[in-house]
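User: Could you take a close look at one helix for me and walk me through how it sits in the fold? I'd like the cut-offs spelled out as you go.

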Amino acid sequence: MSRFLKGIFFVLLLISTGLTGHSQTLPDFSNIKVSELSDQQIRGILQQATSLGYSQQELLQLAMQQGLGSDEISKLVTRLDAVKSSRASTALDKPGVRGLRQNLDSTKSAGSEFFNSTKSEIFGIDFFRNGNRNGDFETNLNIPTPRDYELGAGDEILIDLFGSSEQYYQAVVNPDGNILLENIGPIFVSGLDVDEAERRIRSKLSRLYTGLIGSSPQTFLNVNLGNIRSISVSIVGEVETPGTYTLSAFSTVFNALYSVGGISENGTLREIRVFRDNTLVKTLDAYQYLINGIDDNNIRLQSNDVIVVGPYTNRVRISGEVKRPGLYELAKDETLNKLVEYAGGFTESAFIDQISVVRNSGKEKVVNDVFESQFDLFEPKAGDVYNVNRVLDRFSNRVQIQGAVFRPGNYSIQDGLTAKQLIDKADGLKGEASRQRAIIIRSKEDLSTENLSFNLGDLINGTIQDIPLQREDILRVFSIYDLKEEGYVEISGEVNNGGVFSFSENMKVGDLISLAGGLKSSASNSRVEITRRLGNSENGDVSQVIVLDVGSELGVVNSENTLQPYDHVVVRKNPDFFTPQFVAVEGQVKFPGDYAISNQTERISSLLQRAGGITQYGFVEGATLLRKTEFYSESSDMELRIDDLEALLEKFQSDPQSLSESQLAQLQRVNDELSKLTQGQSENQDLSSFAKRERLREIVKRNTLYGDVELKESEAIGIDLKKIIENPGSKQDLILQEGDVLVIPKVVETVRLRGRVLYPTTVLYENNRSLKHFIDQAGGFDNRAKRRGTYVIYANGSVARTKRFLFFKTYPKVTSGAEIIVPAKPPKIPFSPSEIIGITSGVATLALLISQINF
């Protein structure tokens with residue numbers, strides 16, 4: 001007994017070890033939350049599945065079989081795809097590339113902070129910040145030589161002599177202030193402007209080139225600047241990055257402020273001072289440039305200049321109905337009127353009679369009202385907050401008239417204005433105005449309303465007393481069409497342009513058919529139905545149906561042809577009308593091509609006979625019939641009509657010069673009909689066929705791991721053409737349908753092998769050979785092959801599968817042109833730890849019971 005128990009526990013140990021080892025290879029997906037897994041864990045699952053021979057689709061199928069929900073499956077697919085795509089970017093993690101990428105990222109981050117900084121409320125501050133790419137104050141060197149530019153050491157001078165004598169000099173001003181010219185000697189130019197330097201150079205060169213002087217000089221001189229010297233300028237005070245900067249000698253004060261990142265929010269824009277040789281040479285007011293565009297004080301800097309930006313002194317805020325609300329700095333003696341001017345003036349909705357101001361007064365704030373007459377006198381103080389209110393959204397003298405009058409809208413109320421006078425102001429009543437009732441909606445003092453109703457006809461005739469109006473009264477004149485539902489009629493069926501049309505009295509069926517573009521060629525002249533609203537609760541009738549006969553000239557035989565509102569006319573299709581239906585024969589027949597179906601019972605044998613029979617190379621056993629499914633998108637009658645008309649139009653346009661008068665008229669009719677059909681094509685889709693396809697799609701739709709089932713527009717039907725030829729009219733001889741294609745291939749002498757074989761290939765067909773013989777020619781089954789699921793697709797499209805009885809398998813017969821398919825086994829589902837524990841506990845309990853029984 002002890003041996004038996006030891007054997008049982010040994011088996012349990014083997015099972016537990018094997019199952020545990022297997023479960024470690026792939027996780028138990030039933031308790032997994034994909035969002036909690038790291039990328040490393042996802043990568044490990046993918047690597048484990050690959051090492052076990054599982055594809056990603058098989059891994060997902062395994063997870064679904066273990067109970068992983070559809071939402072988690074979607075997340076897992078996304079994570080697996082992300083891990084795969086991340087492998088392509090692993091090269092970027094190399095040390096050299098990683099450093100470059102970090103540098104680029106830091107540069108991009110710094111740039112984004114620079115460009116995305118919040119715009120300041122202080123007027124003008126953002127204008128000089130070098131993050132503002134809308135206004136760029138970098139020094140422009142691509143300009144003509146300024147004639148007032150003062151030369152200094154480091155400037156390059158270009159001297160061009162032309163005329164009777166030609167020479168070119170290029171010299172740089174040395175630290176002593178001289179330029180050295182060959183055969184001329186030094187010329188002192190430092191501190192001179194360009195014009196002064198040119199006169200001095202001319203004087204020096206005239207000793208060598210005498211043609212430069214005289215009343216009629218023969219030689220001419222041109223002096224320009226080449227490379228510009230650099231200057232050193234100090235910018236201090238309330239700027240973003242104060243310091244000493246090297247700038248171009250063309251730089252102005254504004255260029256310098258731009259180069260240091262602009263003025264800080266504590267800096268002044270009204271008093272920017274420039275010192276040269278310890279002397280104040282210029283004081284700038286940036287508002288003159290920002291408001292009026294005047295930059296007379298924006299002087300060109302010289303080396304060792306110092307720009308001082310002090311703190312602001314008198315900054316106030318203005319908000320509300322001004323065009324540029326914000327913070328503004330006011331100079332001494334500037335008034336409220338100037339502040340409004342700096343803010344761009346009032347908006348169109350501003351209440352300009354008074355402006356409210358909140359001012360700091362000792363330990364608390366006070367509120368004052370500044371009236372329009374005081375704007376030129378009132379001086380703002382630092383910290384003031386001004387608010388410009390909107391005009392009230394109300395009217396002091398308005399009445400309104402609405403509805404069936406010629407000029408509805410707002411009108412001014414005058415003393416004694418009455419309802420009838422207001423109607424006269426609105427050019428009177430329209431013909432559709434209802435004389436029975438009109439109303440006046442009156443507003444009370446508490447903004448509630450009351451209605452005053454009266455007979456409009458009596459008011460117009462003077463039968464009742466006229467009604468005086470008050471401010472904000474609304475006179476409402478009703479239309480007779482406001483008081484009833486709008487009438488319409490509808491037509492559908494075999495008409496060229498069906499739809500809904502407005503109703504008119506004494507409207508006939510023929511009128512409506514004409515409005516709908518007339519009858520189609522497929523219409524039945526003897527079957528037109530009118531469906532009329534006429535319910536009868538006692539006998540269950542919900543509508544009245546009237547059947548009429550309509551001739552080709554739209555004359556109605558029955559006298560009950562006058563339409564009523566909401567009638568629906570349906571023109572039925574002629575049961576004897578058929579459009580030609582075609583089938584096709586392809587392959588090894590004497591006369592391949594398209595054939596029209598002669599009658600509704602024509603069969604394959606008849607079609608084959610009309611095609612001249614099969615040639616000597618035809619492979620009868622491989623013949624296939626291709627047939628459209630329910631999901632085939634057929635062209636609608638409208639689309640076919642458009643195609644026919646376009647083809648007719650092409651024939652007319654091939655030689656338009658030779659068309660007769662009648663042909664030109666026909667061409668115009670074709671163009672008109674084409675434009676109507678094209679315009680209505682998107683509005684008149686074949687809804688019935690669309691609804692049918694969608695209904696079928698819902699019926700066959702199966703949500704699987706890999707998406708919806710593919711819905712094919714055509715499919716192959718396996719036929720036995722040999723039996724059809726031998727027995728015409730038999731069950732094998734199918735009745736043809738429109739769009740059928742009979743395909744008769746050439747004789748095929750090969751067999752194709754696909755699926756889980758070692759080497760999928762195409763081999764030569766050998767008569768009377770078994771399926772296993774052809775499998776062996778492809779290397780045999782692989783380790784994932786589902787042998788008992790092997791099936792054969794024959795050349796004619798029919799399929800035969802492997803059959804099994806007890807332990808014996810019967811493989812299908814293989815013929816020439818066949819295709820052998822070996823499917824794969826489904827992935828094995830590993831046991832979860834809970835299942836292992838359950839199995840182990842169950843076996844242990846069974847062993848314990850057996851031991852108890854034996855004892």
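Analyst: Happy to! The protein chain holds 19 helices and 37 strands, where helices (H or I, at least four residues) and strands (E, at least two) are DSSP runs numbered from the N terminus. This is a predicted model, so local features need pLDDT of at least 70 and side-chain atom pairs count only at pLDDT 80 or more, while totals for chains, interfaces and linings use all residues. Residues are numbered from 1 along each chain as its sequence is written, and side-chain values use heavy atoms, with hydrogens and water left out.

Let's pick helix H6, residues 194–205.

Within H6, Val194, Ala197, Glu198, Ile201 and Leu205 are buried. They lie on the same side of H6, because they cover an arc of only 100 degrees around the axis, taken from the directions from the helix axis to the C-beta atoms. Buried here means under 20% relative accessible area, with exposed over 50% and partly exposed in between (1.4 Å probe, protein chains only).

What do those buried residues of H6 pack against? Their partners are strands S1 (156–163), S2 (167–172), S3 (178–181), S4 (185–188) and S5 (219–225), with contact meaning heavy atoms within 4.5 Å.

Finally, the N-terminal end of H6 is capped by Asp193, which has a side-chain oxygen 3.2 Å from the backbone nitrogen of Asp195.

Methods
A polar contact is a pair of N or O atoms within 3.5 Å; within protein, one must be able to donate a hydrogen and the other to accept it, and residues adjacent in sequence count only if both atoms are side-chain atoms.
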